[in-house]
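Thanks for coming. I will talk through one chain today, from the whole fold down to single residues. Please have the structure open.

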Amino acid sequence: MKRFILIIMLLSATVASAVAQNPKREARRQAAEQKNLAKRLAEVQDSLSYVEAMNAIDSMDFVFEANMLVFKRGGTARVYSNLNFISVRGDKALVQVSPIVSGGGQNGVGGVTVDGRIINQERRVDKRGNTTFSINVMGRAISAVVTFTIPEGSNSASVRISPNLNSNTITLYGEILPREQSNIFKGITL
């Protein structure tokens with residue numbers, strides 16, 4: 001009789017532990033499904049942003065909003081994207097770099113704002129699908145090659161501004177947006 005009671009107690013303990021583990025497994029499974037769903041949703045959003053960015057580049061009506069600057073000697077600065085941007089509309093380009101938040105500078109917002117005409121443009125796609133888009137911008141206060149590098153499937157980009165008259169190259173990191181999605185504040189143009 002003792003043996004029978006012991007067997008029944010062991011069986012009930014086993015069943016109770018199996019029932020207790022089942023909700024934990026279910027919770028882990030649901031968490032994994034939610035993680036996979038969030039990952040797929042992020043991929044779809046990136047893909048949509050990429051298509052919008054490429055369409056904006058094709059129509060030459062876009063804004064690159066930078067959130068980080070890398071200077072010639074490797075120094076970096078986190079910056080506001082509404083004050084640091086490159087705006088392209090048709091054959092005109094506006095470049096504004098404002099690494100200083102104090103509001104001073106030549107443009108009134110802590111940096112420089114220059115505009116010019118796009119003289120030449122070139123677009124290449126490598127075998128991995130990454131896009132390189134270069135424009136030559138010439139104006140009263142600017143003569144530079146601006147090169148956008150956009151990885152496949154994203155609207156994130158790096159932009160290298162290489163002046164033709166000196167070697168003060170600046171690299172910016174940020175996103176390419178259609179003009180209507182952009183929120184920029186233009187300073188005083190040189």
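This is a predicted model: local features need pLDDT of at least 70, side-chain atom pairs count only at pLDDT 80 or more; totals for chains, interfaces and linings use all residues.

Residues are numbered from 1 along each chain as its sequence is written, and side-chain values use heavy atoms, with hydrogens and water left out.

The chain has one helix and nine strands. Helices (H or I, at least four residues) and strands (E, at least two) are DSSP runs, numbered from the N terminus. In sequence order the pattern is α-β-β-β-β-β-β-β-β-β. The chain holds 190 residues, of which 34% count as buried. Buried means under 20% relative accessible area, exposed means over 50%, and partly exposed is in between, using a 1.4 Å probe and protein chains only. Among contacts with a separation of 6 or more, 47% are between residues 24 or more positions apart; a contact means heavy atoms within 4.5 Å.

Now to strand 3, residues 85-89. Is this strand enclosed or open, and why? Four of its five residues are buried, so strand 3 is largely enclosed by the rest of the structure. It pairs with strand 1 (residues 61-70) in the antiparallel sense, over five bridges. Two strands count as paired if DSSP finds at least two bridges between them. Strand 3 is also joined to strand 4 by five bridges, again antiparallel. These two strands form a hairpin with two residues between them, and Gly-90 in the turn has a positive phi of about 65°.

Within strand 3, pick out Ser-87. Its relative accessible area is 9%, so Ser-87 is buried. Val-63 stands opposite Ser-87. Which side chain makes a polar contact with the side chain of Ser-87? That of Arg-179, at 3.0 Å. A polar contact is a pair of N or O atoms within 3.5 Å; within protein, one must be able to donate a hydrogen and the other to accept it, and residues adjacent in sequence count only if both atoms are side-chain atoms. Leaving aside neighbours within four places in sequence, the contacts of Ser-87 include Phe-62, Lys-92 and Leu-94.

Next, the loops. Met-60 sits in the loop between helix 1 (2-58) and strand 1. Most residues other than glycine have a negative phi. Phi of Met-60, however, is near 55°, a positive value. Met-60 has 10% relative accessibility, so it counts as buried.

Ser-98 lies in the loop between strand 4 and strand 5. Its relative accessibility is 4%, so Ser-98 is buried. Not counting residues up to four places away in sequence, Ser-98 touches several residues, among them Val-79, Leu-83, Asn-107 and Gly-111.

Last, have a look at how the chain lines a space. What kinds of residue line the largest pocket? The lining divides into 14 nonpolar, nine polar and one charged. Here Ala, Val, Leu, Ile, Met, Phe, Trp, Tyr, Cys and Pro count as nonpolar, Asp, Glu, Lys and Arg as charged, and the others, Gly among them, as polar. Strand 4 gives the most to this lining, with three residues.
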